[in-house]
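Hello,

Here is the structure we talked about handing over. Please open it first, then read the notes below.

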Amino acid sequence: MDRSEAKNKIVDFFRKQIELKKSQQNYRHQVQMGGLYELFRDSLKDVPGYKHDEYFSVVREIVQELINTGFLYPGTPGDFNSGYPWLSITAYGAEAFMSEDWLPYDPEGYLKALKAKVPEIDEVTLAYIGESIAAFNRRHLLSATITLGVASENLMLILIEAYTDWLKDPRKSKFRKRIEDRWIATQYREFKQEFIADVKSLPKELQSDWEIYLDGIFNFVRLNRNDAGHPTGKELSTKVVYANLQIFADYARYIFDLKKYLQ
């Protein structure tokens, strides 16, 4: 059984429970583990009985992940002595299950989709974005924001290095001196100042989006990272982190498309 397909099927099941609750006021949206097992009965028709436990183990693991991230809890609201096999959806889970884009709530699926969209993405960026998506799902917004910022910074450093190699002397030597051993904010400022002269030479698809992805997304993520990394006391928004994680794959795709052109 494919784990991603199994998780999608279980998430869809809980979405339907929430929709039933909205349409039927007296409907109680808690279920039993047995109800989840039934989702996979057709898949087990040609599977030997002694292997069924392997399938059910995957279902239990996925349910445990959903409990760990706060989407479900064992038991029912009205019975304080209840536990397994009953499951109930939390308020946070109801919001997550019904979100327009489920992927930020699915670390494994998110990274799989990111790699599919940006196959050339580097291991350093993957390590930090992996930490970010995991932290977000445990609602550790400070950690999620900082690691997301580091992932974004690493992409920008990759782009600046490619741009430096693309330049011809004497521009290359002068530009390298202006960014050497500087903070990322300084490097980006110098990069932008130099890069503006070359924008019109880019292909149209890269030319039209550079301000959105570079000036817009990179700077927004960087500023949020600075707020999270210093004791400012500023409260971070779940919606902002969620939105940044949503757009990250497009941002990374643009960076590597631009890098490819420069090379």
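Asp 46 counts as exposed, because its relative accessibility is 77% and the exposed class begins over 50%. Please keep in mind that the model is predicted. Asp 46 sits in the loop that runs between helix H2 (33-38) and helix H3 (52-68).

**The chain as a whole**

The secondary structure amounts to 12 helices and three strands. The radius of gyration is 23 Å, whereas a compact globule of 263 residues would have one near 18 Å. Along the principal axes, the C-alpha atoms fill a box of roughly 75 × 50 × 30 Å.

Of the 263 residues, 44% count as buried. Take the contacts between residues at least 6 apart in sequence: 65% of them join residues at least 24 apart.

On charges, the chain has 36 positive and 38 negative ones. Their mean positions are 3 Å apart.

**Aromatic rings**

A pair of aromatic rings is described by the distance of the centres and the angle of the planes. Searching the whole structure gives 23 aromatic pairs. Phe 191 and Phe 195 are stacked, because their ring centres are 5.0 Å apart and their planes meet at 20°, with the stacked class set at under 30 degrees. Both residues belong to helix H9 (residues 184-195). They are four residues apart there, about one turn of the helix. Phe 191 and Phe 195 are both buried.

Which residues form one aromatic cluster? The members are Phe 13, Phe 14, Phe 71, Tyr 92, Phe 97, Trp 102, Tyr 105, Phe 136 and Tyr 242.

**A buried threonine**

Thr 145 is part of helix H7 (residues 141-166). Is Thr 145 buried or exposed? Thr 145 is buried, because its relative accessible area is 5% and the buried class covers values under 20%. Setting aside neighbours within four places in sequence, Thr 145 is in contact with Asn 224, Arg 225, Ala 228, Leu 236 and Val 241.

**Backbone points to check**

Most residues other than glycine have a negative phi, and most peptide bonds are trans.

- The peptide bond from Asp 169 to Pro 170 is cis, with omega near 10°. Pro 170 lies in the loop between H7 and helix H8 (171-179).
- Arg 139 is not a glycine, yet its phi is positive, at about 60°. Arg 139 falls in the loop between helix H6 (123-137) and H7. Arg 139 counts as partly exposed, because its relative accessibility is 45%, between the 20% and 50% limits.
- Asp 181 also has a positive phi, near 60°, and is a residue other than glycine. Its place is the loop between H8 and H9. Asp 181 is exposed, because its relative accessible area is 77%, and exposed means over 50%.

Best regards

How values were computed
Residues numbered from 1 in each chain as written. Predicted model: local features only at pLDDT ≥ 70, side-chain atom pairs only at ≥ 80, totals over all residues. Heavy atoms only, no water. Helix = DSSP H or I, 4+ residues; strand = E, 2+ residues; numbered from the N terminus. Rg over C-alpha atoms; globule rule 2.2 N^0.38 Å. Buried < 20%, exposed > 50% of the residue type's maximum accessible area, 1.4 Å probe, protein only. Contact = heavy atoms within 4.5 Å. Lys, Arg positive; Asp, Glu negative; His and termini not counted. Charge placed at Lys NZ, Arg CZ, Asp CG, Glu CD. Phe/Tyr/Trp six-rings, centres within 6.5 Å; stacked < 30°, edge-to-face > 60°.
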